[in-house]
Amino acid sequence: MGTIFDNAVLGLQVALLPTNLMFCFLGVFLGTILGVIPGIGVLVAISLLFPITFHVEPVAALVLLGGIYYGTTYGGSTSAILLNVPGTPSSAVACLDGYPMAQKGRAGTALFMTTVASFFGGTVGILALMGFSPMIAASAVRFGSAEYFALMVLGLIAASSIASGSMLKGIAMVLIGIMMGLVGADVYTGTLRFTFGHVALFEGVSIIALAMGIFGVSEIIHSVRSVKKADTTNHDISFKAMMPTRSEMRASWMPMIRGSMIGSFFGALPGTGGLIASYMSYATEKRIGKTETFGKGAIQGVTGPEAANNAADQTAFIPTLTLGIPGSPTMAIILGVLIIHGIEPGPMVVVNQPDLFWGLVMSFWVGNLMLLVLNIPMVGLWVRLLKVPFHLMYPAILMFIVMGVLTTYNDEIQVWVVLLTGAFGYLLRFLGFQAAPLILGFVLGPMMEEHFRRTLLLSGGDFTSFVSSGISQVCLGVSAALLLYGLVMTYRNRSKKSVQGPV
Amino acid sequence: MKVFIAALAVAFSASFALAADYPERTISIVVPYSAGGVTDAYARQMLPKLQERLGQTVIVENKPGSGSLVGAMDVARSEPDGYRILMTAYGVISNEVLMTNTPFELADLSPVYMLGRGSNMLMMRPDYPLDTIQEITDWAKAHPGEMKLASSGVGASPHIAAELWANRVGVDFLHIPYQGSAPSRLDVIAGRVDGMFDGVSAVSYVESGDVKAIAIASEERHPSLPDVPTFKESGIDFVFGTIFGFYVPVDTPQDVQDQIFAALADVARDPEIEKTLVRQGLDTTPRTQAEFQEIVANELAQLNELVKLGRLTPQ
């Protein structure tokens with residue numbers, strides 16, 4: 001343990017340098033502003049601000065990007081709670097119970113608890129990053145294609161049970177997501193699938209365009225239709241109103257601890273990360289807690305996923321920094337900054353550049369502390385930002401969304417993807433389907449296919465290789481149990497209804 | 001009529017001015033990969049010196065998509081005036097052969113300046129029982145289709161390298177493609193595949209003992225890996241690596257191309273920039289435009305041969 005302490009001291013010496021402190025503040029502040037604005041997510045924010053980093057020292061550049069990264073995630077939850085518009089796919093979970101809380105007049109508490117849960121999850125994630133870095137990296141090596149496949153099956157089954165209401169509708173959404181995910185070049189042969197000859201579709205439908213469309217644009221259409229009740233931004237966010245009740249505090253502790261653990265684990269796995277972690281945490285809390293309050297403003301539904309999300313944001317750096325494997329597009333960009341500054345990410349970074357590694361880690365913690373200290377007094381500012389009248393706000397958001405997509409891709413066809421999926425998302429909403437499982441299916445579907453086929457390729461077509469390791473057995477077993485449980489519940493509800501029907 | 005003559009005069013003077021006064025406005029370097037990649041990093045690193053040398057603003061535009069196809073197409077269709085320059089890695093060459101069904105031809109571009117050439121090395125999992133390229137080749141010959149070689153993707157340079165090597169020594173292997181080099185490296189480290197032809201950027205994994213480097217496909221040994229023999233030393237005439245280069249639309253006036261070549265050549269010889277490129281494992285031997293064009297033509301011929309032999313399948 002002594003070495004961890006030494007490393008923390010070394011890291012703090014770097015993180016507390018005035019320049020690094022300033023860049024940390026700048027990143028957190030810019031990130032939160034951009035995150036609060038709906039439609040601007042982590043990826044867009046980082047893509048917009050990433051050229052700045054070419055002019056500063058590597059550590060400062062990474063500190064800045066790190067600040068933007070978790071500042072945006074934090075800000076994304078703010079708009080998710082207040083407007084039901086997640087700035088990022090991973091803060092979509094905050095909508096599920098955060099927005100109902102806001103509608104009940106508990107917005108202040110929801111925002112306060114989000115901040116506390118973020119800080120808590122972030123701290124746990126950083127401790128995991130420091131202490132378990134070598135261990136988690138080693139367990140990531142133990143994940144082969146078969147294990148990834150099993151884990152993704154579990155993620156998708158868990159995701160479809162999040163859909164409030166019918167599990168069947170959730171599975172339907174996952175399947176549509178998988179289908180959309182299959183557009184583009186086949187990993188194994190390069191064959192183009194479902195591109196209809198459009199070059200822009202060769203690499204598939206863009207996740208940013210899809211997420212912005214299906215969450216952002218469809219929300220705007222929805223809000224325009226129901227503009228009469230647009231008064232929801234009139235929240236009481238005085239310090240008194242932010243204070244949670246004792247029972248809310250009590251209800252939040254365990255979800256925060258569980259969420260942090262789930263988040264730390266999924267963040268460290270390449271290819272998963274905050275999105276899956278927050279859904280897993282939500283699904284866990286929904287299974288453990290009293291189901292009837294979920295979706296109607298349960299505090300556990302806010303604090304658990306929020307802690308998970310932020311813990312995952314931190315541990316996502318483990319594979320990126322120690323193995324050079326980015327778990328997400330955001331991490332891929334951060335990896336790029338390292339390479340530009342002549343740092344070869346990989347097992348050698350921790351050994352050869354301890355000041356960089358530990359300085360970065362400790363600056364994450366300083367950044368989380370800044371978020372906590374800054375945002376409790378500044379929640380009012382963010383709320384005021386959202387108080388801009390909707391007839392001005394929504395066209396502006398739409399503009400930001402289009403701008404964001406254009407700056408990311410330099411390609412107008414992606415704007416059309418946003419608008420079309422936006423219309424589609426509104427239709428889904430109208431019919432009572434949830435978009436969240438669709439996004440997850442979209443992300444995980446192609447990865448599942450890749451790992452499914454690789455497992456068979458490596459084993460020479462032997463299907464038992466899917467259940468040859470303990471990790472796969474547990475994941476697939478739990479998935480089967482969840483699926484069975486969901487189907488039984490659906491059947492029971494239906495037979496109950498048909499009994500009550502004629503009465 | 002007057003208007004027509006005036007327009008003609010303007011058009012004429014414009015095309016005249018183009019050659020003499022190039023460059024007179026902002027130049028875009030189009031990188032067909034996303035910001036943060038290796039190619040993007042090289043382009044951005046050259047940016048300040050290039051602006052100084054050309055006396056104009058130079059910007060990098062990232063146009064990622066379809067393994068460099070989107071960006072390459074963008075430049076191929078732009079005005080041939082030297083204000084849109086493509087900077088790309090190997091993809092633009094392999095796509096020409098592997099992705100035939102696209103509205104883009106490599107012939108629409110003129111290779112101007114070759115920044116450098118990487119080299120691929122064969123690295124095997126740490127517990128792989130054989131240590132020399134000769135033993136490995138013999139084993140692969142005796143066990144056709146059994147050696148599992150990973151790559152960062154179909155048509156990516158590790159894949160092409162493996163096929164070229166296999167073709168040269170006459171063996172068959174099982175190709176396991178991944179999405180990007182990082183996940184494929186991890187499975188080599190974890191021992192799920194036997195090995196892969198990776199770029200020299202994987203040096204740190206060799207140093208840390210996570211993988212074993214067997215042989216390198218370059219003319220000479222790499223300074224960071226003095227113990228790793230070249231294929232040539234082992235009697236296999238095999239040199240291969242990705243090619244970083246600049247391309248302009250084919251109809252760009254030759255004197256503009258010459259000016260671009262001169263500017264790029266100056267900037268690339270800057271000691272600081274050259275140092276970085278060499279550290280990344282690039283062979284930065286100066287080459288003329290004609291040499292670069294010949295190299296591209298040779299690569300195409302080599303790839304087409306693989307297609308003819310059925311080792312690569314175009315889409």
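In what order do the five strands of the open sheet in chain B lie? The order is β2-β1-β3-β10-β4, and the pairing within this open sheet is mixed. The model is a predicted one.

- From one strand to the next, the twist averages 25 degrees.
- Strand β1 (residues 27-31) of chain B runs parallel to β2(B), and five bridges join the two.
- Within this pair, V31(B) has N62(B) of β2(B) as its bridge partner.

**Helices packed on the sheet**

- Helix α2 (residues 38-54) of chain B packs on the sheet and touches β1, β2, β3 (84-88), β4 and β10 (243-249) of chain B.
- The direction of α2 of chain B makes about 160 degrees with that of β2(B).
- Helix α3 (residues 69-76) of chain B also packs on the sheet, where it touches β1, β3, β4 and β10 of chain B.
- The direction of α3 of chain B makes about 155 degrees with that of β3(B).

**Parallel strand pairs around β6 of chain B**

- Strand β6 (residues 148-151) of chain B pairs with strand β7 (residues 174-177) of chain B in the parallel sense, over four bridges.
- One residue of this pair, S151(B), has P177(B) in β7(B) as its bridge partner.
- Between β6(B) and β7(B) the chain passes through helix α6 (residues 157-169) of chain B, giving a β-α-β crossover that is right-handed.
- Two bridges link β6(B) with strand β8 (residues 195-199) of chain B, again in the parallel sense.
- The bridge partner of L149(B) in β8(B) is G195(B).

**A helix pair in chain A**

- Helix α4 (residues 58-83) and helix α14 (residues 300-315) of chain A have axes that come within 10 Å and cross at roughly 165 degrees.
- Because of this angle, α4(A) is roughly antiparallel to α14(A).
- The crossing of α4(A) past α14(A) is right-handed.
- On the α4(A) side the contact is made by Y69(A), Y70(A), T73(A) and S77(A), and on the α14(A) side by E306(A), N309(A), N310(A) and D313(A).
- The residues of this contact between α4(A) and α14(A) comprise two nonpolar, four polar and two charged.

How values were computed
Residues are numbered from 1 along each chain as its sequence is written. Chains are lettered from A and ligands numbered from 1 in the order in which they are written. This is a predicted model: local features need pLDDT of at least 70, side-chain atom pairs count only at pLDDT 80 or more; totals for chains, interfaces and linings use all residues. Two strands pair if DSSP finds at least two bridges between them. Axes are lines fitted to C-alpha atoms, for helices over the stretch in contact, and angles run from 0 to 180 degrees between N-to-C directions. Two residues are in contact if their C-beta atoms, placed from the backbone, lie within 7 Å. Angles under 35 degrees count as roughly parallel, over 145 as roughly antiparallel, 65 to 115 as roughly perpendicular and the rest as oblique. A crossing is left-handed if the near helix is turned anticlockwise from the far one by less than a right angle, and right-handed if clockwise. Ala, Val, Leu, Ile, Met, Phe, Trp, Tyr, Cys and Pro count as nonpolar, Asp, Glu, Lys and Arg as charged, and the others, Gly among them, as polar. A crossover is right-handed if, with the strands pointing away from the viewer, the path from the first strand over the helix to the second runs clockwise.
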